[in-house]
Amino acid sequence: MCYTIKCKPCADAVYYGESHRNLYSRGKEHEKKLEKKDEGSFMFRHQVERHDSKPVEFEMKVVKSSRDPLPRQVTEAILIKNHQGEILNSKSEWNAPPIIRIRAENESERKKK
C-alpha cells in the first residue's frame with residue numbers, strides 16, 4: 001500500500017510512504033520512532049523544526065493498495081514528485097532515479113515532422 005502522513009496544523013506538510021504491511025503496523029512503527037525521539041523519524045524532526053518540539057497531531061491514510069512492490073514504489077515516487085508543498089520525506093530515505101517517459105511513434109508520424 002502507499003500511504004500519506006500529514007501534519008494537521010501545517011496542512012501542506014506530507015510524508016509519502018509505501019509498505020507491504022498494513023496501515024496499523026506501519027503507523028505503529030512511525031509512532032514508536034517519534035516516542036523515542038529518534039532523529040531518523042520525520043515526525044520528530046518536523047516537530048522540532050516547525051513546532052518548537054511541541055507535540056503535533058498527524059493523520060495517516062492509505063492512498064492506493066498494491067501487492068507488488070514495483071507499482072507501490074512508482075506510485076510513491078509520483079506522489080512525491082507531484083506534491084505542491086512541504087515534503088517530510090528525507091532525501092536519504094527516498095533515493096530513486098527520475099521516472100522516464102517513453103513515447104512510441106510509428107514511421108508515418110516521424111515522416112510528418
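Mentor: Helices (H or I, at least four residues) and strands (E, at least two) are taken here as DSSP runs, counted from the N terminus. The model under discussion is predicted.

Trainee: How many helices and strands are there in the chain, and what pattern does the chain follow along the sequence?

Mentor: The count gives 4 helices and 3 strands. Taken in sequence order, these elements give the pattern β-β-α-α-β-α-α.

Trainee: In what order do the strands of the open sheet lie?

Mentor: Strand S1 (residues 2–7) is joined to S3 by 6 bridges, in the antiparallel sense. S1 also pairs with S2, again antiparallel, over 5 bridges. The edge strands, S2 (14–18) and S3 (58–64), each pair on one side only. The order in the open sheet is therefore S2-S1-S3.

Trainee: What does the twist average from one strand to the next?

Mentor: The sheet has 3 strands with antiparallel pairing. From one strand to the next, its twist averages 25°.

Trainee: Which residue in S3 is the bridge partner of cysteine 7?

Mentor: Cysteine 7 falls within S1, whose residues are 2–7, and S1 runs antiparallel to S3. The partner of cysteine 7 across that pairing is phenylalanine 58.

Trainee: And which residue in S2 is the bridge partner of lysine 6?

Mentor: The pairing to consider is that of S1 with S2, which is antiparallel. In S2, lysine 6 has as its bridge partner valine 14.

Trainee: Is S2 mostly covered or mostly uncovered, and how many of its residues are buried?

Mentor: A residue is called buried when its relative accessible area is under 20%. S2 is an edge strand, yet it is mostly covered. The number of its residues that are buried is 4 of 5.

Trainee: Which helix packs on the sheet, and what angle does its direction make with that of S2?

Mentor: The helix touches S1, S2 and S3, and it is H3 (residues 69–82). The angle between the directions of H3 and S2 is about 165°.

Trainee: Is leucine 70 buried or exposed?

Mentor: Leucine 70 is found in helix H3. Together with Val74 and Ile78, Leu70 makes a nonpolar surface patch of about 250 Å². The relative accessibility of leucine 70 is 58%, and the cut-off is over 50%, so this residue counts as exposed.

Trainee: What is phi of alanine 11?

Mentor: Most residues other than glycine have a negative phi. Alanine 11 lies in the loop between S1 and S2, which form a hairpin with 6 residues between them. Alanine 11 is exposed, with a relative accessible area of 59%. Although alanine 11 is not a glycine, its phi is positive, at about 65°.

Trainee: Where does aspartate 52 lie, and what value is its phi near?

Mentor: Aspartate 52 is placed in the loop between helix H2 (42–50) and S3. At 62% relative accessibility, aspartate 52 counts as exposed. Its phi is positive in a residue other than glycine, with a value near 50°.

Trainee: What share of the contacts with a separation of 6 or more is accounted for by residues 24 or more positions apart?

Mentor: A contact requires heavy atoms within 4.5 Å. Among contacts in the chain with a separation of 6 or more, residues 24 or more positions apart account for 59%.

Terms used
Residues are numbered from 1 along each chain as its sequence is written. This is a predicted model: local features need pLDDT of at least 70, side-chain atom pairs count only at pLDDT 80 or more; totals for chains, interfaces and linings use all residues. Side-chain values use heavy atoms; hydrogens and water are left out. Two strands pair if DSSP finds at least two bridges between them. Axes are lines fitted to C-alpha atoms, for helices over the stretch in contact, and angles run from 0 to 180 degrees between N-to-C directions. Patches are made of residues with over 30% relative accessible area and no salt bridge: like charges are joined within 9 Å, nonpolar side chains (Val, Leu, Ile, Met, Phe, Trp, Tyr) within 5 Å. Accessible areas come from the Shrake-Rupley method with a 1.4 Å probe; for residues, only the protein chains shown count as cover. A salt bridge is a side-chain nitrogen of Lys or Arg within 4 Å of a carboxyl oxygen of Asp or Glu. Buried means under 20% relative accessible area, exposed over 50%, partly exposed in between (1.4 Å probe, protein chains only).
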